[in-house]
Amino acid sequence: MTAYSPSRLALLLAGLASAAASSTAFAADDATAAFRALAEKTIVERTLTLRELGLTDPIVLRSFDSRREIYIPTPAGLPLIEPTLQFKGRYLRADGGRTTFVLSIDGYPVAARAPNLDAGGVDILLGVDGTPRPSGFVRLGAAWASAIDTELCGDQRSIGNVFQIDADTSLTFSFDASKIDSLVTAWSAMSVTPVLLVPGRTLSAESYDAAWRLALALERAGKRPTIIALPAVGDEVELAGLKIPDGLAGLPSFAALKGEGRHRLASPGEVGAFVALGGATAQVAVSDAAMIASLGAALDALAAEAAAAGAQDAFGRWREKAMTLAVPQPRDAIALATFAGAPIGAVGVDAAPKAADLFSAYWRDVLISRKLAIRAAELPGREERVVSLAALGGVPKSLDAVSSADWTANFDLGAVATYGGAPRELLIDVAAAPGASTSDPVASVFLNDFLLAARRLTANGQPERITATVPSFALRAVNTLKVSFQRQPVSDRCRDTPQPFPVAVLPSSAARLGPLPDDSGFLGVRARLGGGADLIIPSTFLSDAPATLANVERLAAAAGLSPQNATLVVAPAQPGAAPPTAAPPSKPFLAIDVALPQGASSPHVMVDGDRLKLSARPGETLLDISGVGRLAVAEVAQVGSVAGVSVQQVGAEPPRFEEPFLLAEGDVAVLTDAGVAAHFDSANPGAVKAADAQSPEGLTRGLKVFANWETAAVVGVIVFFGVLFLLARAARRRSRD
């Protein structure tokens, strides 16, 4: 054993103390640098596909000249960092000849190919200019040209030469979130599938009410929200992809998150560390007292660990910059906050009912500040029931048409319902320039591939209106409106090259809203649910908010419930396993997993555990099955004089609705994860409604004929000469007698 003198022992202890102090200093420096790096981490990366924009089906270009433009949203007014567009498509050349396609970005041609194989794929990476776009869109254009004959007099049309734009075409870009300085910019930077953050897995009735309204408002604005809860102690989280900076690996809460797979959060500090590393990202949040308290406790625990490591100042600056969601907000306000360094819209519980109108295209551009108190937000035009197509996302513009050109617009039925009705008539104002041929162009109006109206245009450059009645069977949850222009591509000289001539869809185009048909089915009830209505849910929904909110929001959207005017009613739990029973409603209702009071008229559906029995009429059973799960059934029900929709879960597990859907046909519908799987009309099972049953076509058509004075004059002349003919014939008969 080595012996040390007192002086040597003192020197050794001093060295150890110095090393420990040096190690502590290095640890403090590392933690400080790591928190500074987290505070400066403001770059957001995003990839957006056409499929996420709702263009789930491939876009097919035909004929010898066909063009299409697609608007891809980007943060308005922000520079894009290294944006690229991955274009994917396919082509077929069954008719041979010469084929060419040209791709353009914001109107500038950037790529062209002349394929010569019978078939092939197209995969082109295009560079995109990162200049800020005030419009908030990157405009992708595709033009397809096909010529099968060298003689221009010959018929150049072909059905076998086509070009297809795949839904996997994507735009990838990054932007600096620290430059988002207003709510309107934050909205444009929001993804089409935003995450809605709620204060926890268990919510108060007030916060649950705000959450479903906010989710429905987002969906009506064209978003597809996902709902998550703020992580809490005891929750299991996924650690895959979580990167812990080296400077923070020594802090206990961060060290506990090392590894892969699932991890159960054991302390408020671990909750704070998980949030700080971006484990829970969101773009919108319900801001209430529970949210503020939970975030505050997690950050306070993390602050104690940072102080122990000597990095309290750096942590304080990071918290002040990157976690402003933890700052209390007024109940009636919507504010631009930060959550783990990313921008997030914090919506107070009293502001949620007004968010639907505030998020609409009409008011969205006025959100130019970071914080707004909302006392009222109403849309003009609800009295007149006429909504501009531009307010629904249709961009009026001019197109060049050689033989054909299509103008398209996608809109959610919920966005129309915000104005207080459903589209009953489309008023499409168009204009066309004269072409080289004597044949007038034809404009056709399609809704979800249903031809609604067509007209031969005068083609003198003046506005012309096409009026199209919208039958209820043509409506979808997400609708595609298409105006197709067709020209005869010939000229006076055989050898002339066909030239494009402009056509346009004008800004005055609109949709006239009106009551849905007087129907006892879902559509008839939908008109009533758009006003004041009750949303009735069991109290058990409040204890599993993320799972139940998603279904509640989708069902509310499918039935036509209004996020502004509806009232949340929570039915108390019953003893045992019996479902809660709702009190007799005094207004139209949507009841989800709640038993209706005695005397309710719902004779067509019987649910008993995992057994489902559907009857069209008493004694006429259509379906009787058991052992099912992930199933629900919706039915129009009557409680006294009040009509509504009742939805019941079948089996132990409810369906998880993956996409928006619409309760539109019949009065009974079976629901699965994909939406409506089967439906029927109990009053007339299996029958197909004629067009006259969907809308008063006969009367409407007659009124339209006489509303046009030119047509009325022609009809009058025909009737006049018909009467003269009959009088002359009678006179000849009398003379002969």
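Helices (H or I, at least four residues) and strands (E, at least two) are DSSP runs, numbered from the N terminus. The model is predicted, so local features need pLDDT of at least 70 and side-chain atom pairs count only at pLDDT 80 or more, while totals for chains, interfaces and linings use all residues. Residues are numbered from 1 along each chain as its sequence is written, and side-chain values use heavy atoms, with hydrogens and water left out.

A pocket is an open set of points on a 1 Å grid over the protein atoms alone, where a 1.4 Å probe fits, with protein on both sides within 12 Å along at least five of seven lines; lining residues have an atom within 4 Å of a point. Of its 48 lining residues, Phe541, Asn551, Asp593, Gln649 and Pro654 are the closest to the centre. At least two lining residues come from each of β12 (226-229), α11 (545-559), β32 (605-608), β35 (631-639) and β36 (642-650), and α11 gives the largest share, nine residues.

Next comes a pair of helices. The axes of α6 (residues 289-308) and α7 (residues 312-322) come within 8 Å and cross at roughly 155°; axes are lines fitted to C-alpha atoms over the stretch in contact, with angles from 0 to 180 degrees between N-to-C directions. Therefore α6 is roughly antiparallel to α7, a term for angles over 145 degrees.

Methods: Angles under 35 degrees count as roughly parallel, over 145 as roughly antiparallel, 65 to 115 as roughly perpendicular and the rest as oblique.
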